[in-house]
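I opened my notebook today to look up a few things in a structure. Here is what I am working from.

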Number of protein chains: 2
Amino acid sequence: MELKYIYDNYKKLTDQKISIIARIRSNRQGKTVSFMVLNDGTYMDDLQVVYKPEILGYEDAKQARISSIVEITGILTLTPSRPQPFEIQASEIQLLDQAIEEYPLQKKEHSSEFLREISHLRARTRTFQAIFKVRSTAAYAIHKFFQEEKNFTYVTTPIITSNDAEGAGEEFIVTTTESKLNKDYVDDFFAKKANLTVSGQLNGEAFAQAFKNIYTFGPTFRAENSNTSKHAAEFWMIEPEVAFADINDNINLMKDMLVYVVKYLLEHNVKELTFLESQLESGLIEKITKMVNADFKVNTYEEVLKLLQQAIDNGHKFEENNIFFGLDLGTEHERYICEIVNKCPTFVTNYPKEIKSFYMKVNNDNKTVAAVDLLVPGIGELIGGSERESNYETLILRCKESGINPEDLYWYNNLRQYGFYKSAGFGLGFERLIMYVTGAANIRDVIPFPRTPKTLLY
Amino acid sequence: MELKYIYDNYKKLTDQKISIIARIRSNRQGKTVSFMVLNDGTYMDDLQVVYKPEILGYEDAKQARISSIVEITGILTLTPSRPQPFEIQASEIQLLDQAIEEYPLQKKEHSSEFLREISHLRARTRTFQAIFKVRSTAAYAIHKFFQEEKNFTYVTTPIITSNDAEGAGEEFIVTTTESKLNKDYVDDFFAKKANLTVSGQLNGEAFAQAFKNIYTFGPTFRAENSNTSKHAAEFWMIEPEVAFADINDNINLMKDMLVYVVKYLLEHNVKELTFLESQLESGLIEKITKMVNADFKVNTYEEVLKLLQQAIDNGHKFEENNIFFGLDLGTEHERYICEIVNKCPTFVTNYPKEIKSFYMKVNNDNKTVAAVDLLVPGIGELIGGSERESNYETLILRCKESGINPEDLYWYNNLRQYGFYKSAGFGLGFERLIMYVTGAANIRDVIPFPRTPKTLLY
């Protein structure tokens with residue numbers, strides 16, 4: 001039996017003999033009875049086992065160390081007076097594998113830093129069990145939303161790519177030749193320079209022209225040498241793209257997706273979220289419940305500038321108090337707008353073209369683009385997207401203005417010549433979402449095996 | 001409206017005015033009426049539009065080229081005497097974007113080779129629309145099976161890794177330093193040698209020790225310089241792993257997963273499969289329906305050797321007729337066993353340890369390992385898996401025998417010291433599955449943007 005099955009059916013199983021294989025979280029000898037706490041990883045709550053000297057396998061059981069694997073057979077007994085709803089009165093304990101004494105995860109508090117050093121083991125702690133279960137469920141909810149609710153087609157865009165237009169030099173090179181004296185890559189596997197992708201969007205756009213509604217969900221890479229709590233070299237992105245759609249369709253899709261996924265988590269991972277709330281962020285469940293039920297407001301970038309200037313005029317101090325058209329909003333500005341001014345998630349639209357990507361649609365004012373970022377209380381920017389430039393000549397010009405050789409992206413630009421009427425999409429950094437819904441403050445703690453500068457373990 | 005919505009509701013919509021934006025597949029002027037065939041990518045069947053000179057937008061409409069985008073407004077009319085169930089009698093056609101004349105995908109037969117050269121456009125053809133829709137649905141069915149049917153936890157294992165034990169030199173190097181005069185990688189991003197992963201299994205096993213039931217689903221890489229129809233440098237793998245499970249649990253899980261996914265496709269993509277059957281493989285639907293309903297047989301490797309020898313003794317000729325213990329079965333042998341001998345999918349177990357990986361459990365005979373491959377009619381090996389070696393000393397020995405420095409995988413080997421009682425899992429090459437269910441003969445045709453030696457487009 002699995003622990004989840006036992007918890008799901010414990011009323012039916014009351015006073016019956018059950019059997020389970022699981023790992024020991026603690027093992028404590030009392031005077032007349034002993035106690036073992038077990039978990040097999042299929043459920044957040046542990047299994048309490050009571051055992052006495054007369055049971056089969058007692059000698060092994062009492063010496064079983066933390067993290068050892070045992071098979072327990074016994075009677076499931078309700079315990080209405082205790083925190084847990086039931087316990088197992090063991091009749092037999094079989095020690096299937098004894099862990100060594102030097103097992104690194106002994107029963108005490110461990111720092112996040114220490115646990116990051118043992119990322120092959122930390123998922124055995126309750127906090128990381130909860131985080132990675134939420135991560136798993138959220139990934140599934142995203143697929144379910146796009147496939148079952150919206151009839152989107154999932155596209156696996158390439159990881160190895162020759163597009164290096166977007167990464168601005170922050171790309172990993174992929175090679176098979178250890179010697180690079182030969183710089184033109186003729187001897188290399190692909191006979192040209194190859195990078196790890198920084199985004200699947202451009203390829204996704206091509207497929208949106210075929211399927212109308214597509215989404216990607218895969219790993220992306222940034223060789224940025226920054227050691228912050230928000231940056232990792234390898235992270236997962238969700239990038240939906242919809243043909244014939246504009247910025248307003250985009251806003252609706254962002255909201256629908258986010259609300260769906262968070263609702264799904266509230267329905268399926270309440271145990272995990274409750275535990276994370278107790279460990280990582282008080283008020284977590286209220287925070288995300290509020291978001292699900294919130295009105296989402298829309299402000300233009302220029303409205304945001306005015307609101308920020310008003311705040312300063314009224315005495316509010318930002319770290320950056322120089323508010324001007326062209327300012328790249330900082331997290332402090334973003335959070336002020338959605339937390340203090342609007343008190344709800346806020347879409348900001350129509351950013352200056354100079355601070356946004358070449359592929360975003362230039363508005364009629366010729367100074368802003370049809371970009372939209374979603375700002376969320378507690379975090380700031382969570383999702384960024386845009387309507388895409390659909391005019392071929394404008395796109396070529398924007399390439400050049402952004403220092404990109406249009407030839408390098410001929411296939412992407414050409415899509416505008418082959419029948420192209422609007423396209424809009426967005427990118428959601430999956431880890432940023434998981435940090436938001438779990439309360440984890442460091443991106444290293446929501447990635448099973450995180451990759452950061454000078455750190456490549458496991 | 002989307003095309004899928006119209007097809008799902010055409011009876012309800014009969015004689016009503018509808019409106020849709022879509023791409024032109026063909027546009028043909030008749031004497032009194034003209035005909036446009038449209039598709040917006042949300043459905044396999046096309047939309048037939050009839051229009052007359054008196055409609056709004058006629059002048060533009062009649063000049064609209066293939067691949068142009070139009071918005072059609074008109075009355076949905078049932079056409080019981082025609083192949084398609086309904087057509088649209090247009091009252092207005094708006095040409096939203098005219099495609100250029102040189103659009104590469106004109107209405108004629110194109111070779112697969114040509115279409116591979118335009119992988120940013122080929123999903124607009126019906127064959128590739130069908131293939132990539134099936135790919136999308138299959139990916140979703142896999143997530144659904146593991147999450148909803150089996151309570152497995154999805155783990156995103158790392159793409160960039162320092163493990164190079166398994167790849168046997170067929171790995172891509174990931175670097176940020178263009179000059180490699182400095183061979184010890186101290187100046188590189190990770191300050192050590194980094195590769196693209198060849199498998200998420202080892203990391204997955206660590207997480208199976210935490211969650212019991214996990215699966216991975218992500219890209220893997222092989223820098224193998226072979227230009228065959230079955231090899232790509234970048235492909236996706238599904239790698240489930242179950243703690244406390246043995247080879248028989250593994251067999252059951254393989255079968256359950258495969259049957260679930262193929263059934264799901266038969267339920268959700270019958271339009272696509274029917275079209276693919278007409279284009280790529282006659283008998284396709286019967287083939288996969290048979291598999292869903294088949295008994296799956298189990299043979300040991302040694303039984304297979306006997307069956308092959310009997311075949312040879314009875315006059316059958318293989319390309320490789322030297323049958324001996326230690327032979328790595330060829331596709332011809334695999335197909336003979338499941339197609340001619342068993343006439344059903346066949347699990348082959350207990351292969352010689354010399355031809356299998358170091359992590360597979362050594363059986364008591366000390367010459368075979370608890371490996372299991374699933375052979376499927378029409379293709380041969382589809383899935384490979386094993387129970388894992390759980391004895392620490394044996395695993396270290398097997399590392400050494402396989403030319404791996406155990407130090408390089410200390411964390412993986414150490415899992416055996418921290419409480420380890422059985423683990424089993426398998427790897428399914430996602431593209432091999434998609435080839436099997438779509439009838440596509442070349443792996444390049446089931447990957448949106450395929451990567452092969454000297455080919456890195458888009």
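The entries below go from the whole chain down to single residues.

**Ground rules.** I am reading a predicted model, in which local features need pLDDT of at least 70 and side-chain atom pairs count only at pLDDT 80 or more, while totals for chains, interfaces and linings use all residues. Residues are numbered from 1 along each chain as its sequence is written, chains are lettered from A and ligands numbered from 1 in the order in which they are written, and side-chain values use heavy atoms, leaving out hydrogens and water.

**Chain A overall.** I found 14 helices and 16 strands in chain A; these are DSSP runs numbered from the N terminus, with helices (H or I) of at least four residues and strands (E) of at least two. Its C-alpha atoms fill a box of roughly 85 × 60 × 40 Å along the principal axes. Of the 458 residues in chain A, 61% are buried (under 20% relative accessible area, with exposed over 50% and partly exposed in between, using a 1.4 Å probe and protein chains only).

**Two helices.** How do H8(A) and H9(A) pack? I noted an angle of about 125° between helix H8 (residues 270-279) and helix H9 (residues 284-293) of chain A, with axes 8 Å apart. Axes are lines fitted to C-alpha atoms, for helices over the stretch in contact, and angles run from 0 to 180 degrees between N-to-C directions. That makes H8(A) oblique to H9(A); angles under 35 degrees count as roughly parallel, over 145 as roughly antiparallel, 65 to 115 as roughly perpendicular and the rest as oblique.

**A barrel in chain B.** I traced a closed barrel of five strands, S1-S2-S3-S5-S4 of chain B, with mixed pairing (two strands pair if DSSP finds at least two bridges between them). The twist averages 55° from one strand to the next. S4 (residues 69-78) and S5 (residues 86-97) of chain B run antiparallel and are joined by ten bridges. Within S5(B), Gln89(B) is the bridge partner of Ile75(B).

**One loop residue.** Where is Ile100(B)? I found Ile100(B) in the loop between S5 and helix H4 (112-117) of chain B. Leaving aside neighbours within four places in sequence, Ile100(B) is in contact with Gln417(A), Tyr418(A) and Arg65(B) (contact means heavy atoms within 4.5 Å). Ile100(B) and Lys230(B) lie 130 residues apart in sequence and 36 Å apart in space, C-alpha to C-alpha.
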